[in-house]
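Please walk through the structure below one part at a time.

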Amino acid sequence: MPKMKFHILCFSLLMSTFSLICVTKSSSSSVSLLGIPPQDEDYFKPEFIKCKNGSKKFTRAQLNDDFCDCPDGTDEPGTSACPQGKFYCHNVGHLPISLPSSRVNDGICDCCDGNDEYDGKVKCRNTCWEAGKVARDKLQKKIDMYKEGATLRKKEIEQAKQAIANDEKELLKLKNEKKTLKILVKQLKAHKEQIEKAEEKERLEKDKEEKTKKVSADKDEAGDKSDNDQKGSFSSSNDNIRLSNESTLDKQEKDEYENMESLSNDASESTEGLSREELGRLVASRWTGGKAGSEADGFGSNNNRGGSTETSESTNYEVYDNNNDKKSSIGNDLDSSKSKYKSHLEEQKDLSGKNTLGSSSWLEKIKDTVRNILDLVNVSPPPVDKLDADHIRKEYDDATTRLSDVEAKISTLTEKLKHDFGTEKEFYRLYDQCFETKQDKYVYKVCPFKEATQEEGYHKTQLGEWEKFENSYRIMLFSNGQGCWNGPERSLKVKLRCGLKTELTDVDEPSRCEYAALMTTPVLCLEGKLEEFKHKLQAMDKEEQPDSHDEL
């Protein structure tokens, strides 16, 4: 019996010793892992551990031995030995945080679970569960927002891709239209230039005609004046035709005079015994192409000269009048000219009972008659129709305007499509939008991919032009804004956050001429961030409230 008691006593003593060893070892292991984030626990498991800055190595026994072996504090995450060290608070039931190592065992409970004051000098109550309730509710709301925002983001990406496809299709259509319009404009331009040349030619011919009429009128006026001062006689002699005031004739009149003499000489053999009146008619018929005879009008149907036959009744050449839709006959004008010439002969016959064929006025009238006939025969091309010309000009102007519009749209779309709109083109639909917010007396306006401004009444200050995205599409940067007085050029950084609406908020000027703003948008409601928040909430939501400390 005493022996039995001895064995029981020895067994109890052995078990107590084993338990003490196990607890001590467990406590030592727990202390060595203090201040280490869960994701870094595997880093400290090897026997030899590298400092994170790569400067040296230390053994596992040197971990949290209250002596700083690594300059970056890698070996002392749970003590205050290294100034650069960080202590991780797990804060189960609340949000984990990191503290500077100088706050470890400083007598103040910084972690809600109290693990930063593990030396026992201060007893810290675990308040994580109560304090974390508000944080958990807030995190749950954020998770709900991210869920809805992620759905909106997917729709935004789908709409952006469709918008890009439409714009690319529109760009291709505009480029094809540009090719067609360039050909059309070229053709219309050539047609318009032809019209302008024809109009210019018509104008010059009209000016020439007006000038000719004016010169002819001036000569008629001079001839009438000469008739009042001079009288000429036409001699029946076949050798001479005398013209009064020969010195006043110009070269052209002299040539006409010589032609008259030639006509008279040619007719000398056939005019024997003709009266002066008949002789005058014969000479006139040579000018007009008619037949001299005893007919009352002094004109015949045919005149044979030099073996050729000419029709006295002129062919009716058709010409357009000013309205371009009526026609007149040159033959009628020719008959009218002949009638005028007959009347003129009768007038000349009545003067002193003689034919004044030698007068300058008579000669000029014959020349005018012949000139009129030639002008009527040499018909000009039909005049340009004004309505057609105006129509071509309008078509050319319209086509040119349309071409300019198409080229402008091509340039705008090309400029738009070359921007970086995110990994999934999620920012594409922000290109044509602007967002405003009012802060105090200023209205701030941000137009992504274009510019940012600050407005006060009618005064507008440019805060910057679009430059780029930063920080994985979480920041919009606008730079090269309006310069400050004796300072740098203004700039703006817009931080993007998840939100159910795209809106601009919280504009500030943290430093002179450097502005910062916050913009919420569903585009930033990322699936990865949603999963991260879910894991945090799961870590906070423990089934059982944790104890304040593990007691030895």
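The torsion about the S-S bond of Cys68 and Cys82 is about 115°, so this disulfide is right-handed. It links distant parts of the chain, although both cysteines sit in the loop between β2 (57–59) and β3 (86–89), 14 residues apart. The sulfur atoms of Cys68 and Cys82 lie 2.0 Å apart. The model is a predicted one, and these values are computed from it.

How exposed is each partner? Cys68 has 28% relative accessibility and counts as partly exposed, because partly exposed covers the range between under 20% (buried) and over 50% (exposed). Cys82 has a relative accessible area of 0%, so Cys82 is buried.

A search of the whole structure finds 8 disulfides. Another of them joins Cys434 to Cys447, with 2.0 Å from S to S. The torsion about its S-S bond is 110°, and the link of Cys434 and Cys447 is right-handed. This pair, too, links distant parts of the chain: Cys434 belongs to the loop between α7 (386–417) and β9 (435–439), while Cys447 belongs to strand β10 (residues 442–447), 13 residues apart. Cys434 is partly exposed at 39% relative accessibility. Cys447 has 7% relative accessibility and therefore counts as buried.

A disulfide also joins Cys484 to Cys513, where the S to S distance is 1.6 Å. Here the torsion about the S-S bond is -135°, and the link is left-handed. Cys484 lies in the loop between β13 (475–480) and β14 (491–498), and Cys513 lies in the loop between β15 (503–511) and β16 (514–521), 29 residues apart. Cys484 and Cys513 are both buried.

Now consider the whole chain. Its secondary structure comes to 8 helices and 16 strands. The chain has 552 residues, and buried residues make up 32% of them. Among contacts between residues at least 6 apart in sequence, 46% join residues at least 24 apart. The accessible surface comes to about 35,200 Å², and carbon and sulfur atoms account for 50% of it.

From its first C-alpha to its last, α8 reaches 20 Å over 14 residues, close to the 20 Å expected at 1.5 Å a residue. Which residues of α8 are buried? Leu530, Phe533, Leu537 and Met540 are buried in α8. They cover an arc of only 80° around the axis, which means that they are on the same side of α8. An α-helix has 3.6 residues a turn, so residues three or four places apart point the same way. The face of α8 turned away from the buried side carries exposed residues, namely Gly528, His535 and Gln538.

The largest nonpolar core has 27 residues, of which Phe427, Met476, Val494 and Leu504 touch the most other members. Two or more residues come from each of α2 (128–229), β10, β12 (459–470), β13, β14, β15 and β16. Leaving aside neighbours within four places in sequence, Met476 is in contact with several residues, including Phe427, Leu430, Trp466, Phe469, Leu492 and Val494. Apart from this core lies another, of 11 residues, among them Val185, Leu188, Val406 and Ile410.

Notes: Residues numbered from 1 in each chain as written. Predicted model: local features only at pLDDT ≥ 70, side-chain atom pairs only at ≥ 80, totals over all residues. Heavy atoms only, no water. Disulfide = S-S within 2.5 Å. Helix = DSSP H or I, 4+ residues; strand = E, 2+ residues; numbered from the N terminus. Buried < 20%, exposed > 50% of the residue type's maximum accessible area, 1.4 Å probe, protein only. Contact = heavy atoms within 4.5 Å. Areas by Shrake-Rupley, 256 points an atom, 1.4 Å probe, with all protein chains shown as cover. Expected span 1.5 Å × (residues − 1). Arc of directions from axis to C-beta. Core = buried A, V, L, I, M, F, W, Y, C linked by side-chain atoms within 4.5 Å.
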